[in-house]
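Me: I've got this one open on my screen and would like to go through it residue by residue. Can you take my questions as they come?

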Amino acid sequence: MYDQGITQSWSYLSNPYFIISIARGMEYEESKEVSSTFTASYGTNIPSAAKSSVNDAFELSSSGTKKVTVRVKLSGPDAGYSSRDFYYKNGRHTHAVRIVQEHRSNWDGKLWTKEYSSTVGVPAIYHYSVDRK
């Protein structure tokens, strides 16, 4: 399996999950871990025999799930804003993949190969903040 890179960032974003709101003037600054377990998506052209290799390459479980953890730095807003709200969304980065199947016969040594092109949606967490007046 060859990962051809990300073809689409942040596809299939979930609704936002609220982390915390910080008021201006608060001396609150820390990092917070956000963790979520969710399922990858597979394109239609991935042979079933290759799914375990795809899962291994993207560190997915055998069922295609992955626990993703990010560290979000939290701090109050700049002057002119009253608060800063922090959120995250579950999403995926869509990777283009190329899968090459090879077969060698034990009795005559003939080799055949077949290539498949498809996509894999790898779980990721998107985090952001919104400053409020």
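Predicted model: local features only at pLDDT ≥ 70, side-chain atom pairs only at ≥ 80, totals over all residues.

Me: Where is Y12 found?
Reply: Helices (H or I, at least four residues) and strands (E, at least two) are DSSP runs, numbered from the N terminus. Y12 isn't a glycine, yet has a positive phi of about 55°. As for its place, Y12 sits in the loop between strand 1 and strand 2 (17-23).

Me: And what is the phi of W10 about?
Reply: W10 belongs to strand 1 (residues 2-11) and is partly exposed, at 28% relative accessibility. W10 is not a glycine either, but its phi is positive, at about 55°.

**Rings**

Me: Which ring class does the W10 and Y126 pair fall into?
Reply: Rings of Phe, Tyr and Trp (its six-membered ring) pair if their centres lie within 6.5 Å; planes under 30 degrees apart are stacked, over 60 edge-to-face, and the rest tilted. For W10 and Y126 the centres are 5.1 Å apart and the planes meet at 55°. So this pair is tilted.

Me: Which residues make up the ring cluster?
Reply: Five aromatic pairs turn up in the whole structure. Ring pairs link a cluster made of W10, F18, Y87, Y126 and Y128.

Me: Which lysine end sits over the ring of Y81?
Reply: A charge counts as over a ring if NZ of Lys or CZ of Arg is within 6 Å of the ring centre and within 35 degrees of the ring normal. K51 lies over the face of Y42, at 4.6 Å from the ring centre. Over Y81, 5.1 Å from the ring centre, you'll find the charged end of K133.

**Salt bridges**

Me: How many salt bridges are there in the whole structure?
Reply: You need a side-chain nitrogen of Lys or Arg within 4 Å of a carboxyl oxygen of Asp or Glu. The search of the whole structure gives a count of four.

Me: What is the N to O distance between R132 and D85?
Reply: R132 is in strand 7 (residues 111-132) and D85 in strand 6, so this pair ties together parts 47 residues apart in sequence. R132 is partly exposed at 36%, while D85 is buried at 9%. Their salt bridge has an N to O distance of 2.9 Å.

Me: Which side chain makes a polar contact with that of T94?
Reply: A polar contact is a pair of N or O atoms within 3.5 Å; within protein, one must be able to donate a hydrogen and the other to accept it, and residues adjacent in sequence count only if both atoms are side-chain atoms. T94 is in strand 6 (residues 83-104) and is buried, at 12% relative accessibility. At 3.0 Å, its side-chain partner is S11.

Me: Last one: the backbone oxygen of which residue lies 3.4 Å from a side-chain polar atom of N55?
Reply: N55 is in helix 1 (residues 51-57) and counts as buried at 4%. Its contacts (heavy atoms within 4.5 Å), leaving aside neighbours within four places in sequence, are Y42, L60, S61, S62 and G64. The backbone oxygen at 3.4 Å belongs to S62.

How values were computed
Residues numbered from 1 in each chain as written. Heavy atoms only, no water. Buried < 20%, exposed > 50% of the residue type's maximum accessible area, 1.4 Å probe, protein only.
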